[in-house]
Amino acid sequence: MRRLSKSIARLSAFRSKSSDAAAPRTGSLKALSDFGTNPGNLKAWFHMPARRREPQAMVVVLHGCTQNAHGYDEGSGWTQLANELGFAVLYPEQTRSNNFNLCFNWYEPSNSRRGGGEPLSIVQMVEHMVQLYQLDPSRVFITGLSAGGAMTSVMLATYPEVFAGGAIVAGLPYGTASSIPQALERMRGHGGPSTAILADAVLNASPGVAKRPTISLWHGTADHVVTPANADASLAQWQAVHGLLGPADTTDAVAGHERRTWRDADGAIMIEDYRISGMGHGTPLSATGPDACGKAGPHMLEAGISSTRRLADFWGLATAPARSGASAQPVIKGDRDIRLPWAEKAHAKHRANPVADRAPPAASVGKVIEDALRAAGLMR
């Protein structure tokens, strides 16, 4: 309970410091509507640059708690870079009716499985954008901060065939928690399933998928909201999934920060891991100099390195590969089943995630925790 009290206090402080992070709805983002049945009750915003690079890639960006799409976009600089390089950007956005603090509900079983909830809403947005603008379905990437980073883990586990790569920024591994108390404990680096169980959670979330996305991990070494132990757990999870156990193939310094990489048998980098020296909880950016991108603010942190630009480089967004022949299929009719080449029908049945400690807390303990969360303004 003392650990949980500390986590609640830190989350309350995070909420207070981030109160102005949800910027007004201005700028270049446009609302995306009629994208599907939207079982997760999310909003969607997007940006299409005037100069397109064919075939056109897309980056899906998930904001953190207390943030919205516009605020995160201003800080991260994704549309700025999209205008430079010619790719599309999609911003799913949480609603207060789902979560009072605008956190994606990554720890809820109903919102962390394939075929329903917030993950299906996000996939429906992706499908609609790909079909509407004839984007390249083989070049869709996803990234997110904090709760958005944890939801990125969910998306990479539950719909790996949709995403060519993903970046988890100050997030948590998939399948590490299934309740608010567990989520708070894991954020502090306490408890959690073993690496073997975490790897099985990913594999069982989307059985039968042959190819898994590339993974980029970003975490501040001084993060006290979501401790770096979560980056360690995410790294171990995806090393096991990709079969790349053991030490890194390369370790070097990028703008003064450690970067490690793991390569497959063909020499392609499948996992990269950045540890941003001395940085707290947030997205690392560089607001000045030749790599300037984005704007510093609450949890958008000046670190002398732009994660946005580095991810664009890692994903090859400055290049335009030849078309492979894959194209979006006619979409969405009737119950709006998923009809892109890389997706199954939305109503298919899927197995539950094998998290070891899913037993709910005792009612009396749960009530105490919920009362504390409400008092901190972190739960309705």
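Predicted model: local features only at pLDDT ≥ 70, side-chain atom pairs only at ≥ 80, totals over all residues.
Local features here need pLDDT of at least 70 and side-chain atom pairs count only at pLDDT 80 or more, while totals for chains, interfaces and linings use all residues. Residues are numbered from 1 along each chain as its sequence is written, and side-chain values use heavy atoms, with hydrogens and water left out.

Let's start with the sheet. It is an open sheet of 10 strands in the order E1-E2-E4-E3-E5-E6-E7-E10-E9-E8, and the pairing is mixed. The edges are strand E1 (30-31) and strand E8 (250-254), each of which pairs on one side only. A word on terms: helices (H or I, at least four residues) and strands (E, at least two) are DSSP runs, numbered from the N terminus. Two strands pair if DSSP finds at least two bridges between them. In general, strands of a sheet pair through backbone hydrogen bonds, either parallel or antiparallel.

On one flank, E3 and E5 run parallel and are joined by five bridges; valine 60 has isoleucine 142 of E5 as its bridge partner. Between E5 and E6 comes helix H5 (residues 147-158), and the three make a right-handed β-α-β unit. Right-handed means that, with the strands pointing away from the viewer, the path from the first strand over the helix to the second runs clockwise. Carry on past E6 and you meet strand E7 (residues 214-220), which pairs with E6 in the parallel sense over five bridges; there, glycine 166 has isoleucine 215 as its bridge partner.

How well covered are these strands? Buried means under 20% relative accessible area, exposed over 50%, and partly exposed in between (1.4 Å probe, protein chains only). Six of the six residues of E5 are buried, with Val140, Ile142 and Gly144 on one side and Phe141, Thr143 and Leu145 on the other. In strand E6 (residues 165-169), five of the five residues are buried, so this strand is largely enclosed by the rest of the structure. Both of its faces are covered too: Gly165, Ala167 and Val169 lie on one side, Gly166 and Ile168 on the other.

H4 lies across strand E2 (43-47), E3, E4 and E5, running at about 150 degrees to E3. Helix H9 (residues 307-314) also packs on the sheet, touching E5, E6, E7, E8, strand E9 (257-263) and strand E10 (269-276), and its direction makes about 165 degrees with that of E7. For these angles, axes are lines fitted to C-alpha atoms, for helices over the stretch in contact, and angles run from 0 to 180 degrees between N-to-C directions. Contact means heavy atoms within 4.5 Å.

Helix H7 (residues 195-205) has Leu198, Ala199, Ala201, Val202, Asn204 and Ala205 as its buried residues, and what covers them includes H5 and helix H8 (229-242). In helix H6 (residues 180-187) you'll find glutamine 182, which counts as buried at 10% relative accessibility. Its side chain reaches the backbone nitrogen of serine 178 at 2.8 Å. That is a polar contact, a pair of N or O atoms within 3.5 Å; within protein, one must be able to donate a hydrogen and the other to accept it, and residues adjacent in sequence count only if both atoms are side-chain atoms.

Last, the cysteines. With a disulfide taken as a pair of cysteine sulfur atoms within 2.5 Å, the count comes to one. Cysteine 65 and cysteine 103 form it, their sulfur atoms 2.0 Å apart. The pair links distant parts of the chain, 38 residues apart: cysteine 65 is in the loop between strand E3 (58-62) and helix H2 (69-76), and cysteine 103 in the loop between strand E4 (88-93) and helix H4 (117-133). The torsion about their S-S bond is about 125 degrees, so the disulfide is right-handed. Cysteine 65 is buried at 10% relative accessible area, and cysteine 103 is buried at 13%.
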